[in-house]
Amino acid sequence: MEAEARFQQLMSQYGTRFDAGEQKSIRNSCYSLQRSLEKLRAFQLENGDAPAVYLKPLVEREKKPQSAPAAGAAPAAAPKKP
Amino acid sequence: MLKESMLYESVGELAKRIESKQLSPVELTEAYLERSQKFGPRLNAYARLMPVEALDQARAAEKDIHRGHYRGPLHGIPYAAKDLLAVKGVQTTWGAKPFAEQVFDYNATVIEHLKNVGAVLLGKAAMIELAGGLGYNSASASLQGETRNPWDTSCWTCGSSSGSGAIVAAGLAGFAIGTETWGSILCPSAFCGVSGFRPTYGRVSRRGAMALSYSLDKIGPMARSAEDCTRIFAAIAGHDPLDRSTLAVDRAAFTYSPASDLKKHSLRVGWLANLWKEYEPGVAKAIQAAHKVLPKHFALVKDTVLPEGPWEDAAGVILQAEVASSFGDLIRSGRVKELRDPQGRIGGYANLSVSGGDFTTAQRVREILQKKMDALFESYDVLAAATLPAPATPLTLDLSKGLSFPDPLGAIGNLCGLPAISVPCGFTEKNLPVGLQFVGRAGDDAAVLQAGQTFQHATEWHRKHPNLS
């Protein structure tokens, strides 16, 4: 039902762009996505299991990169002679 | 005129000749240009050759070296960059018609790094449109058309770093730069019989590279040996204040000296015997032979398995959600219909429907997986397995049917930002290359590179090259 609702939502917004074959393919994509979502939702997570990606606050020193090498400067790890 | 065999030499071998002034960077660049002009169109390997700029850079390198200003092993070495890396004033198409006329007014950081060590940019390598992020079912899903595999031109190179693989395999340049979100360095490396290295996420700046998936994209070298990959990685790794996804200075930097080992100890290998459900017989045979080589050269080789969980689903949902953002405008505007591949024209719409809640759940699953993988690397320095269970596929293959097998290690490796290398380990009975991959702990790029080098000290597969004549 959720997958079908997702498909119908997409069709209500963009449906005129697609022929019947394309609509069928998008519907398949929505159902395929649903299978992945259900496996993810079934995975046991505790409330404290935080997401993998964290914000890096833009602290003052990073707003002023002049003390750091500019992009294009020699790489920090220039290769040595063989 | 340079011998063809010299054009297949490693960066290390070419560098020795250049440093000792036995080989002129101009002569080398002219030879690669001539070969690229001859074979590049046949293979659809390049998006664009840059002969004028390349010869200017080669002349500058030669002048520097004659003055005694040798900058290291990449000085005067011609290379190609995947056409999703910005090069100032040069069309950067991302392999896709909607961006065919795009020109940036700055160089990607990777291009700058290579310029600073004196490498010569020969041209932009062909690629799958938008690195395949909106989906594709055909090898021809590229502005440049299908890239042909130098080992068998009726076969594909894999994607999305298609041209980079073909260029290195065909001896059209000294090395190439590719990118990987999920498989785009390792797969073309395996199909083309070259060495391709995917660094730890955050070690190489992505400034000036097309963003497909902000938390999955990586940039890495494709070359003729693991040692070449090591040298190139040393040149392009490092923190970039203009790319906040790069690691801190001390964690991003990488130094290499051939005189000293990358790791101080012999490596422990976790062998993933059952990674793939089915192997093509030729691949199985090559991988079994590679497996037999390992115990003589590594401290430990022991069968292991990956943790179980919905890792491919998490990787897929994160990729879809991030693509819905990176190319959301293209999809919503309808301009996505200009893409070449029918699946690419419609594949992005379902991405728009991934909810924030589901995306965050996938990111939480990702964190669990990172811890599980880190624990696995307590027992092993690297994991090893066939890069793919099949060799290069025919150009005409419907990829939704022919290359649609589960890829748990690809999902895990990219989801966790783990370094990996694919090295050639044999050939099928039809003379198509087979790849062996080593995957390491996040940040332990040295172990992965050492594993590749160790394998290549014991084998000669990386020295084979196709007969293009």
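**View 1. The contact between chain A and chain B.** In this predicted model, 38 residues of chain A are in contact with 57 residues of chain B. On the side of chain A that touches chain B, the helices α1 (2-14) and α2 each supply at least two residues, and the largest share, 11 residues, comes from α2(A).

**View 2. The surroundings of A:P51.** A:P51 is found in the loop of chain A that runs between α2 (20-42) and α3 (60-63). Leaving aside residues up to four places away in sequence, A:P51 touches B:T360, B:Q363, B:R364 and B:E367. A:P51 counts as partly exposed because 14 C-beta neighbours lie inside 10 Å, a count that falls between the limit of 12 or fewer for an exposed residue and that of 20 or more for a buried one. Although A:K24 is 27 residues from A:P51 along the chain, the C-alpha atoms of these two residues are separated by 34 Å.

**View 3. Helix α8 of chain B and the residue that follows.** Helix α8 of chain B, which spans residues 226-236, is mostly covered, with 11 of its 11 residues buried. Among the buried residues of α8(B) are the charged residues B:E227, B:D228 and B:R231, and the nonpolar residues B:I232, B:F233 and B:I236 are also buried there. Just after α8(B), B:G238 takes a positive phi of about 140 degrees.

Terms used:
Residues are numbered from 1 along each chain as its sequence is written. Chains are lettered from A and ligands numbered from 1 in the order in which they are written. This is a predicted model: local features need pLDDT of at least 70, side-chain atom pairs count only at pLDDT 80 or more; totals for chains, interfaces and linings use all residues. Helices (H or I, at least four residues) and strands (E, at least two) are DSSP runs, numbered from the N terminus. Two residues are in contact if their C-beta atoms, placed from the backbone, lie within 7 Å.
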